[in-house]
Structures are given as structure tokens and as C-alpha cells.
Amino acid sequence: MLEKIPKYPDIPENLHIAASQKKLVPFIGAGVSRLRGYPDWKKFADEALRFFVAEGKLNHAQFDQISGLSPRVKLSFAVNLEERYNLLIDFKKILSPNSEKNQNKDVYRHVLRLFQFSKTFITTNYDEELDGQLPPVPPQINEENESLSKIAQSTTLIYQRNDIDVSNLDRKNAVIHIHGSVCDRTSMVLTTSDYLDRYYGHQVGGLEPRENKFLTFLEQLFKSRNVLFIGYGSDELEILEYVVEKGIEKRLITDDRYNRHYILHGFFTHQLELAQSMKSYFQSLGISLLPFSLDELGWESLIDVIKHLNGILQPGRRLALAEYREMANLLPSTE
Amino acid sequence: MTTALTSNEREFVDRMTKGSEYATTGFQLLSERRSDILDKYFDLLQEKGLFATNNNQEPILSWHALEYLAAVAKIADKRNDECLAGKIMDIVRTRSDEGNYIIRSSDNHHACLLFARIIGLVPLSTVNMDDIELIPSWLNNEFDRGHTAKEISEGILSRTLNENEDRPIKMACRILYHCTAIKSDGEAGPGYGRFKPVTVVDNFWLEQLLNKHIPTFVEKTAEEAAEIFIKRLKQIFPPERNWSGVMRPAIEGHSQNHPWENPVNRFVEGLRDVLSRWVVHDAQAARTYINKLKDDKTGIIQRIVIHTLNYHWADLKDFYISMVSSELFQDENLHELYELLSTRFTEMTQQQRNATLDAIRNLPEPDYYEVHYRELFLKRKQRNWLSAIAGKGNDSADEWYAELNADENIGALSPHPSFSSYTASWWVPDPAPYTVQELLIWAKNDTLVEMLNNFEETDSRRGPTIHALVGTLVEAIKEDPQLFISIIAKFVRARRPYQYGIVNGFNQLWEVEKDSRTKIIDWLDAWEKLFDFFDQLLSNEDFWRETVTPGPDLAPDRDRVVAAIARFLHAGTHEDSHSYPSALLPRAWKLITLLLEKIEPEAGAGGNAMYQAINPTRAKVIEALFSHTLRACRVSDKVSGEHSAVWTAARPTFEKELGKCKGANFEFSTLAGACLTNLAYIDHEWLRENIQRIFPEEYRDNCICALEGMVHATASRLVYTMMIETGILDRALQMDIKNQHAKDILLQRVALAYLWGDEAIENPRFKRLFELRCCDDLQVVSDYLGSIGGQDFKPEHIERIVEFWSHAVDWCQSSDESPTKLLSSLSELACYLEAIDEDALRRLLIVARHLGGDGYEFIKELERLFKNHPEEVLRIVDVLSETYYPGYDYQDRLQSLIEKIAKHSPQGKIKAIQYVDKLASKSLPGMRELYDELSSN
């Protein structure tokens, strides 16, 4: 039972252990990019439609009629229009930080520092903030930033569907865009049909059983690693559900000490009840809610929380025994 | 049918390529899976090189990989999947070709065993004759010469023999050939010259293999099997070595055969059994073969043929006539031919009988004897042969035998005429000539001593012996001690062994009564009579004039009588609650002084002074002297409250003995050292004045004996102080004492004195140990202080131990080279720490870095201290996790500590898991399970 929203979340023991064994996998959502000035999911969909308004292929009345639909449906419309008019939406332009605000320039620097507890980052974002494209860190700042600079430079970008499989789960300093990257328009999962295609279930029967390697990847991720969702607010829950629904094996766990996955989520003090409900909701998914207070800094508190995590968690090395256990998880269970 | 692998499974195989540990773990995990689907991984595993050796850097193909291959081989056989089996066999072939390594490797026997298993599991159609030629490289392994053969026997050999076609049967023969291969172990053995054969397969397993398969070989391919055994026998018995009886006295199972002659036994029995079974199975074919074989000139083979002829006379008797000749009667064939004649002569035809007699008659004179003996020995030989057929219905033979028997020059017939030499052994029960009952009857009718004295020992090996009769006498004394005490005086006339017997018998009774606390006889009366007997015996000058020469028999001599008396006198004073009447003390004193006067000290000081001091006769007397004096003092103390008069009377004897301790009388030196505390009780002033004489500087051997004796003395502050004051201890510590135990005891006394407060770190003893870097000696002190832990010490004692610990650890730390063993020993003193302050933590961290195999005591203390000092212990465990990886976790102490740490805090759990991971990598058992328990996420 939550009694108050703390400034920093309490860190569960399993999260400490996962970090110390480099088993933690930061799972980055749009909330982080939004802090950096990127459009949110809704705005991203609207901007995609506006592209056709600007091109004169969609009038304002039409735009207004569909503006109330969900972002995913709007994106489906936009992609249909692309095909109909043979025009390509400039997603790179849409997906650029708001240069006027130039806010929270360092947010990804702090996020990337989480690599000390992890081998792999996963993101549902299309932007390239995690892809080693951060401006070089001035070497004179401190030694800590020097090491950060190295991490950024050696990041390996994975976004093609065929590359997203378990073999890359163990790749060092990999950033996996599970919904594609803006650097390759064809890799981006945008429409409902894209989602259905990516998340279809394995076909186990029939003459030729067909495996969805992407799902296997997710299943293995949640089975053998400890995932920390960062930047998934209420607006991104739909995307999160896709991931969690397919990835996490459902178990009836009521005691959150046994959870292996976590989500950072900010609340204002007056949202205590909401936080309690969200806690129950995530618990049903096998995820522990790590609530933190938005009272002082609003969503920018997330940056502070990430800094806090970087300070409190203890880095370590991958343990051979952990890797052996992971190997066991790769085999089908003994029947 | 194989199924496609999922991406998870492909990744699993990929992970196996990360290193040998990963590969091993992978194969282990696979072995836990359903065995009937294991083959689906095969192609990818092979593609990833997981059945290859690691560029010869890591040449041992993982056993787990081979276990996997064996499991897949089973699947291939079940499905008759020749393609899969072929791939497996290709691996076996390639790896065995690289097998030069395997042959050399002593620890790769398991790989050989698995190769052998696999070849027995795959469908037989995928195994070819070349594969069978791999077997020698698998068998030629020094480390295990048995289990691979067992696999072959139960696998490929059984399978090939189950078939009826030509090809598998040929394979079976070739396997038998390889399994019976012999090599030389490089040692010369009797009968072998330079070549001592050893089978490549361990004898036990070879015997199992042969016993199991010979019947089938006979059924399917008897001739080839026989040829293999013949070939092996000829390897051992080449033509120039024709005296096979040395290695195999009898072809049949016989007690004369030598169980240690393994290769010979296996091959003789192999050929014997093949021929024998063959005759039963297919007499006609066997006859044809044996008919040819009987002309073989190899002695051992001819013997086996004769044996077969004898055992299957009905089927083979017609061969006899073509075999019988003087040549057949050569010495080598003695046993088998003798047995044949003994058994079958009565069944022989007249022609066969006549031919037999002719052959004996025509025996050549043995040319290995000198000329004038040749005729005699020929007759002897002929008589020997005739003994086999005499009385079996042939008059000529009987007459000739009688004639030769009548010739006294020939000598008696051997009791074992079918053997040229016969080995017999028997346990020597050392039988006594008379029973206890007989001795009791003679004791009653007063003839016992006479009967005993009249017994003469004629055969000391087989008995009856005097030694055994003495034992019977002791038993008789125990049966009726009262009877024997009444006639003890008569034993003055008895021979020494029986005098020894009666003294020893009563001494044993005395000890029995002490232990059982039940009255056996009236000892008041008995001691009087015993003293009378001792007086009478020892006062006789003839007794002392007797020359004692140590003989080969075990019969007690005069010195053992004296030793028995001294031991008995000692036993009579050792315990106040079980001692002879004090009124007899003066009589005993006279006896003891007499014995001291009569018996000369031993010549030199040897290796172990105490061992020497308690064994010679004089040492027994000196023991009795000390025991007697102490008893007399105690009696006097009880009566008058002091014992000066007793000591005044005894002192001259002690001083006289001490006076002899100048390069001699080492028994006294040793026992004086052992009784230092007792001497302090008797007269500490005297001891103070004479202690230098007990540990004389100028007589090093006497001093060493006394020091070694001191090992057995009770520790005493008074004595220790005397030794310090007189400088004896400092001198002793610098002496080169060979007896390490004695040296250790001296150091332990120093440690004890330190505990008492009589020593300090600044005192010369400790100063010297540190200054001269006597790490071994310091370790003795540390070990001692560690070993007495758990006692109810006063705070000042604990304070002193901790002070020593602190000083020693700091000293070690300041040394250029850390004395690891000493630091490991010092870790045990952690048991005296009640808390961990800053200094203690610093020192604990130092000793933790040098923890040795006995670190489990330290771990136990860390667990104790963890309750109040968790953070400090966590820091120490940090150090341990870098250096301490025991091979065995005594009483699960380390596991228990790790569990405690893990429960303490997330940081504790992280450290615990990291340590467990390292321990698992160093193969400490139980760590994988502990990891699973701790790391449930």
C-alpha cells in the first residue's frame, strides 16, 4: 500500500542485484524523448497528417474530423495517404527536438550512464538520441564523462526487424529499437497493421511451425533480464501493453518482492490514489511500480531520478552462473 | 525426424561457443532434456565446432560433449538413422586420429571410454573394420585400464557377437585380439627375463570379458578365438622360454597357480576353455583343429592339449598314441601328463599302456646333472612317472615301480609328484604343547615346574613352542591365581621363560583388577609371596652371571624377567588407590636399587629418546624408581605431613644416577625430564640446584634426552621459572632438536607462560622469534593459542592473546615477504576477538588475504562476529572473495556465512552472489545451488 509519493523511488533488492550483474535492461519510452523536446505520440501522429495538409492532400475539415482518433489510427491514415499520393512523410523532420526550447540537453547523457548496469538498451522510440549521436562530451569536465563518451561512441544500433532476435540480446552496448528507427523509414512500426504484423503469435501447429523471432526475443528478454521501463506515461501505455502482453509470462504474483521488472512513473502528491491503482495494474503484469514525485520539477523530476539511480546502484560484472542460467532459459522446458 | 531449431535454441548453441565452461554447461543442460530429441541440435553443434578440439590447445574433447554424442548415437540406432550415425562416427574417427594426445593423456580415459561406448551404440552397419582398429588407442591408457574394456565388452563386442554374418564376427575377433593385447611394464620378472607382460586391459575386466564372451566365440568362431589365444601365449612364451610351469604350474584351476600371473592365466584359461567348449559344441571340428595343434612345439600349448585330452578323453583318446613318446615326458609336461596318466591309464588300451611304459623306459638321462648322478636322477624321474600308473592294472609298471622304490639311493617319492616344485604355506598358530587344564592339574600335584622345564622345543616354526607354553601358563594363572601364588616359590627353579610367565601373569591380573575394581585374589598375601619370590630370584648371583644372548625364538630371557619385575613394581606404586601395602616399600626399594646396580645403561642416545627410555630393561627399573619414590613421599605426606625423610633416603640413589648422566645413562636423563614436575614436588630446592645437571650444557645428548622427556611432563610455572632463571630454556630454544614434537612442546610452554603472564612480547624468547624471523616457531605458538580456544578464559588471558595476535600480524605486514602460513594460522586467533574495532579490522583484512586450507575456523569466527559487525565482515568478505577459494566447505561454514551476508542487505546479497559465482568457477561443490537460492530474480 502506497502511503506517499517519495521524491526518489525505493529501490527493490532485486533491482540492485540485477544492476550489479549487468542484467538490467533500460527500456526507454517516449517520455524520455519528450523531456528532450521531441513530440509526444499524439503530436507525432498529428504532424504526420499535417504533412498532407501542407501538401494540399488533406484539407483542414478532414484533418479536424480525424483529429479525435487514436494516434495509431491517425498514423495508419497518414501511411495510407503516403501510398495514395506517392509522397513520403519527412519523419526525420517531425522527429527532431524542439530547437527553440533546447531543453534538458543532458537527459540522454544521464540515461546512457545506465549502461554501467546493462549490456543492452531497448527503446520503442524512433529517434536517434540513444544511437551514439550525442554531441561529444568535453573531456575537461570529468573522468566520469570521459567514460560516458566512450559508451556513446561504441553503441551498436539495431533496428531492422530481422536483427531483433535473441542473438542480439547479449550484444555489448547494443541499442535495440524494437519499433524501428527514423534512420530507416521502412523499419518503423507505425500503423495498426505494422503492430499486428510485428506481434503476431508463434504458429506452433501444422506442418511447418512458424516462430515469430521478435516475440521470442521479447519473451527471452523478460525471462532472463530485469527490465526497467523509463519514460512510459499514461500516453504510452498502449505501446507498453503490446510489449508486455506478448513478452511477460503471466503469473499470479501478489507480492511485488518477486517481481523482476520495474517501471519508473511520476505522480503528483494528489495523485496518490492513481498511483495506488497504477501499482495494482502493473502488479497484474508482473511489474513493480517505482513511483517518484513530480511535485517539485514536474516531468523533469525523471532526470533527477535517473541521476539518483546512477548514484545508488552498484555496477558489477556479468556472472558466469547468471549466464549459465540464461542458457538454461533458452532451451524449451523439460517435459 | 529432426525439427528446426528455434531462435532461442540457436542462441543457446551460440552461447556454448563462448568458452569451454559454456560448452560444458551447455552439454550438461542438454543432457537434462528429453533424450529422444537431442539429435536436433547435432548439426548446429557440429557446425559451431563444439565437437572439435580447440586447435590442440585444449585437446580434451569435453566429456559432456561425448556423453551427448553417446545419447545421440542411441537415437540414431533406435531410428536406424545411418546418416546421423555416420556423422557421429566421423567425429569419433577424427578425434581418435588425433588420439596420439589421447594415448598420452592420463586424464582423458573418460573420453576413451565414451568413444568405446559410442561405437557400441550406433547401428552396426555404420561401423567398419577400420573403426575397430581405433580400439587400441582407447585401451592404451595408463589411468584406467578397465572401464573402457567394459564398455567394449558390453557394447560393440556383444553386438557383433550377436550377429551371424561374416563381417561382424570378424570384427568381434579383431576386438578380442585388441583386448588381449599385451605390453611390457618394463620390469623384469621371474621366468620372463627382461619382458614382464601386462595386458592392456586390466586383469579383472579382461577376465570378465573373456568369461562373458568365450561361449559365444566358441559357438560362432572357435578356431579364430583359439588362434588369438595361441598368438598371445606365444608372445609370452617364445620358443627359447619353455619352462611355463614357473608361471602356470597347472592348466586346470589349482591352488598351485599364481593369481598374480595375470596375462598367462587369462590366455591359458582362454585357450583351455575355447578348446574344451569346442569339443563339447562341435567335436568333429575341434578334433581336426586339436589334431593339428598337438604338433605345436610350444610347451604351454602342448600342456593345454594334454589337459584337453585328459578332460575329453572319450572324444580325443585316439590322439594319445600319436603323441606318446619320450619327448612327451619332458619336464615341462609333468603336471598335465601325470594327471592324464593318473586318471586315464586304467581306461587306456594295451597298446597305449605299452607305449606309455616304453616312453618312460626310453627317457634320456638328464644331461643337466653331473655324469655320475645322471642314472640316479633318471631312475628317480622314471619312478616319479610310474607313480602315476602304479597300481592301475599293469603288472610291468607295478613291478618296475616296486623295484625302483626299493632302491634307497633314489630317495623318497615327492608328496606332490605331479609338480616339480610345490609351494605350501600355512599359518603358524604357535601351538602350545599342553593345555591350561593340564597345567592346572600339574600345579596341583606339584609337578608343574618339572613338566614345564622338561618341555623341549623341536620345531620353532611349526611348534609347539616355549613361547606358546608361556602364554598357556599366563592363562592358567588367570584361571586359578590362588593356586599359583601358593606354588610361586617353586618357580625359582623354573626356566626363565616360565619365571617371566608367572610374573607377567600376576602383573596382568593386577591390571585387570585395577580396571574392573573387582577383587580377584588376596593381594596382601600375594604381594608378600611375590616379594619373597623376587628376593629369592634376584639375590641369586647365578641369575646375574647368566649370559643373555638374543635368540631367534620368542622365548623370554633373563632380561625380560627383570623387566617384568620392574614393570610390576612400577604398577604396584603408580596409583595410591591400587598399590601394594606401604609396609612393603622398603623391600621394593632394596629390589630397585639392586636392579639399578646390576643392569648397565644402554649405550647411546638414539632417535626418539622417550621411545628408548621406556623400552630397555633399565628404563623399566628407572620408571619403577620414580614411581616408588613418589609413592613413598605421598605415603609419608599422609602420615606426617612431609616427606623429607623419604627423600633423604632416596636422594643418594637419584644423585648417583644423575652423576652417570654424562654421555651415558640416557634413560635416566629422559625420565628425569619427563618427571620434572614430580621432582619439583619431591624437593624443589634440590631440583633448582640440580636442574643444570638434568639438562647439562656440556653433555648435549643427555640434555636433548631430558628435553624430549620434558614433552611428557605436566606444565608447571615453577619449573618454567627455574628453566628461565637457569638459562636452560633459552639454550634449549637455540638447540637443533631433531624431534619436532619436542621442539613444538617447548614453544608451546613459552606460549603457555605468556598466557600465565610469565612471558611478554618484549622478553628475549619472543624477541628472538621475531628478530630471527622464526615463522615456523611463531606458527607453533599461534597454532597452540588457537587450539586452546573455547576455554573459559579470563579477560586478561584473552587480552594477552589478542596482543600477541596484533603484534604478530603487524610484524607480518611489515615483512618484505608476507609469511602466508603464519598469517593463515593467525587467522584462527580471531576466535578471541569480541568486537571489531578499526585496528582489528585492519588486521583481519590482512589475515583474510592469506587464508589457507584451514580457513574454515576463520570463517566460523566471521559468522559469529557478523551479528554485531556486519559492515566490517562485509569488507573482510570482499577480500576473501578475491583470494579464498577452498576446495571443500567444511561443515558448510562458508555457505552459512554467505547466506547470512545475503540476508543482511542488498549490498550484502550482491557481494554474496559475486563470491558464490567465483567459488563456483573454482568448482566448490554446492555453489550453483546456492546461487539459484540467492539469485531468484
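This is a predicted model: local features need pLDDT of at least 70, side-chain atom pairs count only at pLDDT 80 or more; totals for chains, interfaces and linings use all residues.

Visitor: Understood. How many cavities of 30 Å³ or more does the structure hold?

Guide: There are three cavities of 30 Å³ or more.

Visitor: How much space lies in the largest cavity?

Guide: The largest cavity contains about 190 Å³ of space.

Visitor: And which residues lie nearest its centre?

Guide: Nearest the centre of the largest cavity are A:Ala30, A:Trp41, A:Thr124, A:Asn125 and A:Tyr126, out of 18 lining residues.

Visitor: How do the lining residues divide by class?

Guide: The lining of the largest cavity comprises 10 nonpolar, five polar and three charged residues.

Visitor: Let us turn to the second largest cavity. What is its volume?

Guide: The volume of the second largest cavity is about 80 Å³.

Visitor: Which residues line it?

Guide: Residues of chain B line the second largest cavity, among them B:Leu676, B:Met710, B:Tyr720, B:Arg749 and B:Trp756. Two or more residues of this lining come from each of α35 (676-694), α37 (717-725) and α39 (740-756) of chain B.

Visitor: Which element gives the most?

Guide: That is α37(B), which gives three residues to the lining of the second largest cavity.

Visitor: What is the make-up of this lining by class?

Guide: The second largest cavity is lined by eight nonpolar residues, three polar residues and one charged residue.

Terms used. Residues are numbered from 1 along each chain as its sequence is written. Chains are lettered from A and ligands numbered from 1 in the order in which they are written. Side-chain values use heavy atoms; hydrogens and water are left out. On a 1 Å grid over the protein atoms alone, a cavity is a set of points where a 1.4 Å probe fits but cannot get out, and a pocket is an open set with protein on both sides within 12 Å along at least five of seven lines; lining residues have an atom within 4 Å of a point. Grid points are joined across faces, edges and corners, and a volume is the space filled by probe spheres set on the points. Ala, Val, Leu, Ile, Met, Phe, Trp, Tyr, Cys and Pro count as nonpolar, Asp, Glu, Lys and Arg as charged, and the others, Gly among them, as polar. Helices (H or I, at least four residues) and strands (E, at least two) are DSSP runs, numbered from the N terminus.
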